[in-house]
Amino acid sequence: MKKLSFAFISALLVASCTSHIQMESVSSTLDKANAGDACAQYRAGNMYFGENSSEKDNQTALDWYTKSADQGNAKAQCSIGYMHLKGIGVKQDSAQAMTWFTKAAEGGDAEAQNNIGVMYRDGLGVKQDFAKAIEWFTKAGDNGSAAAPYNLGCMYYAGQGVEKLLPTGFALKMKSAQMKYAPAQNDVGYCYQNMLGVDQNLKQAQRWYRLAAYHGSAEAYNNLGAMYYKGEGVDQSFCWAFDLFKKGAEMGNADCCRNLATMYENGQGVEKNAEEAQKWKAKADELSKKCAKACPKAK
């Protein structure tokens with residue numbers, strides 16, 4: 001019998017700087033943007049921005065962000081930095097990303113400050129420097145970034161620039177999780193499940209996985225599905241596991257795709273179907289390759 005792919009603590013990702021568009025009509029936003037309103041120009045950029053969507057127009061998004069950034073809008077500057085870091089609508093350029101993040105950080109944008117911390121931690125466009133990463137994560141957290149305490153907590157788990165202290169790392173991740181940051185919520189669940197800086201509590205693990213899934217973590221669907229697959233802290237249910245893996249797979253999680261393929265191959269929670277198994281295996285491989293290609297390399 002094929003084994004499942006179980007996810008560990010989630011990868012440390014740079015948070016996107018774009019926010020939800022305020023509740024106003026598209027035409028109203030564009031009218032204000034064309035009239036020179038910097039905040040409306042930023043929101044117009046958000047309307048066109050799409051990291052993984054062919055229906056969006058990232059060049060137009062960049063144009064609006066640039067108009068807003070030229071007027072000193074820190075959120076727009078942060079978004080331009082993010083596009084350069086990820087190569088969205090522009091050639092991937094970590095050095096340019098750092099330039100834009102720095103402008104936004106100087107304007108007080110907490111997510112830009114967090115992203116500078118990520119750049120120093122991972123050596124993206126700058127020489128790797130854990131001390132500077134900690135400094136920027138701390139500053140961003142003090143200014144309200146939900147991602148920053150999570151990233152700082154990950155450094156305590158890994159012992160990067162600080163003594164390896166799992167309880168301290170867990171407390172920081174919990175702070176982030178309570179701010180509804182989905183990667184932190186997923187990690188808190190994983191820590192409760194695996195006694196990493198906290199006593200094991202499978203009910204709490206399940207609770208935090210559910211919250212993370214609700215807030216958009218595909219990895220949490222995978223971890224919760226694994227609990228149902230194994231019957232860990234819950235009654236074993238291949239049907240529930242299958243449904244959870246499918247939701248995560250449809251969100252683009254490679255582990256969920258592999259696990260879905262395994263269940264089709266073994267006939268667990270679904271009728272055996274070799275064709276579907278192969279389809280999801282191929283999807284998992286495609287997603288893994290795309291992720292590897294998209295990730296900027298450290299210096």
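The side chains of Gln206 and Tyr228 are joined by a polar contact of 3.5 Å, a term that covers a pair of N or O atoms within 3.5 Å, where within protein one must be able to donate a hydrogen and the other to accept it, and residues adjacent in sequence count only if both atoms are side-chain atoms. The model is predicted, so local features need pLDDT of at least 70 and side-chain atom pairs count only at pLDDT 80 or more, while totals for chains, interfaces and linings use all residues. Residues are numbered from 1 along each chain as its sequence is written, and side-chain values use heavy atoms, with hydrogens and water left out.

Gln206 lies in helix H11 (helices are DSSP runs of H or I, at least four residues, numbered from the N terminus). Gln206 is buried, at a relative accessible area of 14% (buried means under 20%, with a 1.4 Å probe and protein chains only). Beyond neighbours within four places in sequence, its contacts (heavy atoms within 4.5 Å) are Leu224, Met227, Tyr228, Gly233 and Val234. Glu232, 26 residues from Gln206 in sequence, is 9.6 Å away from C-alpha to C-alpha.

Turning to the nonpolar cores (sets of buried Ala, Val, Leu, Ile, Met, Phe, Trp, Tyr and Cys residues joined through side-chain atoms within 4.5 Å), the largest has 43 residues, of which Phe170, Val188, Tyr192, Leu260 and Trp280 touch the most other members. Helices supplying at least two residues each include H8 (147-158), H11 (202-214) and H15 (274-294), and H14 gives the most, with seven. A second, separate core of 35 residues has Ala61, Trp100, Val126 and Leu172 among its members.

Notes:
Buried < 20%, exposed > 50% of the residue type's maximum accessible area, 1.4 Å probe, protein only.
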